[in-house]
Each structure stands twice: as structure tokens, then as C-alpha cells.
Amino acid sequence: VELFNTDGCASCSVVEPYLEEIAADPEYNRDKLVFVEEAGWGVYSTSETVARYKWYLPSSSDRGTPNILINGLNKRYHHSTGVSKAVLTSQIDTQGNLEAKIKITATRNTDATSSIISGTVTNISASDLSNLVVTLMTYKNRGQQGFKYSVTNIVTEDIGSLSSAGTYAFSFTVDEPYWVANGLHGAVLVQETGTSKKEVLQVLFVE
């Protein structure tokens with residue numbers, strides 16, 4: 001689940017606690033849900049979060065905040081009208097029950113200057129997949145309500161096509177040392193970019 005929000009956004013302050021509560025619920029451990037917050041502009045924004053917002057929603061009229069995206073644009077809630085914890089939980093359950101097409105593995109190695117996250121993407125479906133990208137998001141647990149899971153870096157590699165049972169190896173290096181001490185986490189996502197939904201096929205939490 002990606003929440004695009006902005007500091008001081010009144011509607012964001014309505015929906016953000018719902019998502020933070022769901023993410024903290026033991027039933028929704030990170031095998032089932034990875035929740036990140038991305039600033040579309042302003043405080044906590046980076047060039048990468050701004051670019052990702054525009055990639056998802058090219059029209060500026062669609063980029064008011066909050067925007068809640070579940071598995072890419074499989075499901076989107078724009079603004080806070082009609083959004084409740086129950087509504088979000090129901091849709092997260094629905095999306096989480098979709099058949100997995102991708103398996104991701106990843107390991108992290110960190111030193112005093114950088115972190116390297118490397119691993120594999122395997123097509124576990126019976127069909128060939130195309131227009132795939134693999135993305136690493138790093139995010140910081142700020143331990144506070146309001147941008148608690150704030151994305152700090154986004155890097156992407158193009159996979160292209162992946163045949164059934166095919167595997168792709170990836171490696172990302174980010175200038176973010178002292179991963180644990182700085183409260184950093186990661187999410188590796190595989191997305192299908194050939195349709196308007198930009199569906200997230202799988203995500204793996206990296207401790």
C-alpha cells in the first residue's frame with residue numbers, strides 16, 4: 001500500500017492513522033502488507049517520490065492528496081471521502097488474496113557508507129510475463145504519526161520479459177549506511193508496467 005500525502009494535509013490526517021493502525025496490526029504482518037508513505041511535494045519529498053507520483057498519475061488534477069494506491073493502481077482511493085479502516089482492510093484483504101505470479105528473494109549488506117540489496121525475481125506463474133520492473137524503496141520508521149513510514153529512496157531496474165519459471169537477478173546500491181541505527185527498512189516491488197494499472201505483482205519486506 002502506497003500513501004501519497006503532504007505535510008499539513010487535513011484529509012491526509014484522516015486516512016493516515018487508519019493505514020498506520022492496519023500496518024501495526026499483527027494480523028497484517030509484512031508477509032501480508034507493506035505500507036509506505038511518499039510525499040508528493042513539500043516536506044519529506046524527494047525527486048524520486050515526486051517522479052513516482054507523476055509516473056502513476058500524469059495528470060496533475062489526479063495528484064491531490066491523499067492518494068491511497070493498493071497493488072499499484074489496482075485500487076485507488078483519492079481524498080478521504082468514503083474511506084474508513086473497514087473499507088481499507090476489506091480491499092487490502094481482497095488484493096492480498098490475488099494469486100501470486102512472482103517470488104522475490106533478497107539479502108541486505110550494509111557498511112559505513114552504503115547498503116546493497118540483491119536478490120532474485122522468479123516467475124512462478126504458468127505464463128510468460130512482460131513489461132516488468134523491479135523497484136527498491138527504502139523508508140524510515142520515524143516513530144511518529146504523520147509520515148511514520150516515509151520513503152527516502154527509490155531505485156528501479158527494468159526486467160522486461162520473464163518466461164514461466166524464469167529468474168532475474170537484481171542488485172541495488174543506495175547511499176544509506178547504518179540501516180538499523182537509522183531506522184531504515186526496504187521494500188522490493190515487482191510491477192507490470194504494460195497496462196494503466198501498473199500492478200504490483202509482489203512485494204518483499206527487507207529488514
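Predicted model: local features only at pLDDT ≥ 70, side-chain atom pairs only at ≥ 80, totals over all residues.

Start with helix H1, residues 12–24. At 1.5 Å a residue, its 13 residues should span 18 Å, and the end C-alpha atoms are 18 Å apart, so the two agree.

Which residues of H1 are buried? They are Cys12, Val15, Glu16, Pro17, Leu19, Glu20 and Ile22.

Now the cores. In soluble globular proteins, nonpolar side chains tend to be buried together. The largest nonpolar core here has 31 residues. Val1, Leu19, Tyr56, Ile68, Leu88, Ile92 and Tyr139 touch the most other members. Apart from that core lies another, of 19 residues, with Leu136, Ile159, Phe172 and Val174 among them.

Take Tyr56 from the largest core. Leaving aside neighbours within four places in sequence, Tyr56 is in contact with Glu2, Phe4, Leu69, Gly72, Leu73, Gln191, Lys198 and Val200.

Last, Asn74, in the loop between E3 and strand E4 (75–78). Buried or exposed? The cut-off for buried is under 20% relative accessible area; Asn74 has 18%, so Asn74 is buried. Not counting residues up to four places away in sequence, Asn74 touches Gln95, Leu98, Lys197 and Glu199. With Glu199 there is also a side-chain polar contact, of 3.2 Å.

Methods:
Residues numbered from 1 in each chain as written. Heavy atoms only, no water. Helix = DSSP H or I, 4+ residues; strand = E, 2+ residues; numbered from the N terminus. Expected span 1.5 Å × (residues − 1). Buried < 20%, exposed > 50% of the residue type's maximum accessible area, 1.4 Å probe, protein only. Core = buried A, V, L, I, M, F, W, Y, C linked by side-chain atoms within 4.5 Å. Contact = heavy atoms within 4.5 Å. Polar contact = N/O pair within 3.5 Å; in protein donor to acceptor, adjacent residues only side chain to side chain.
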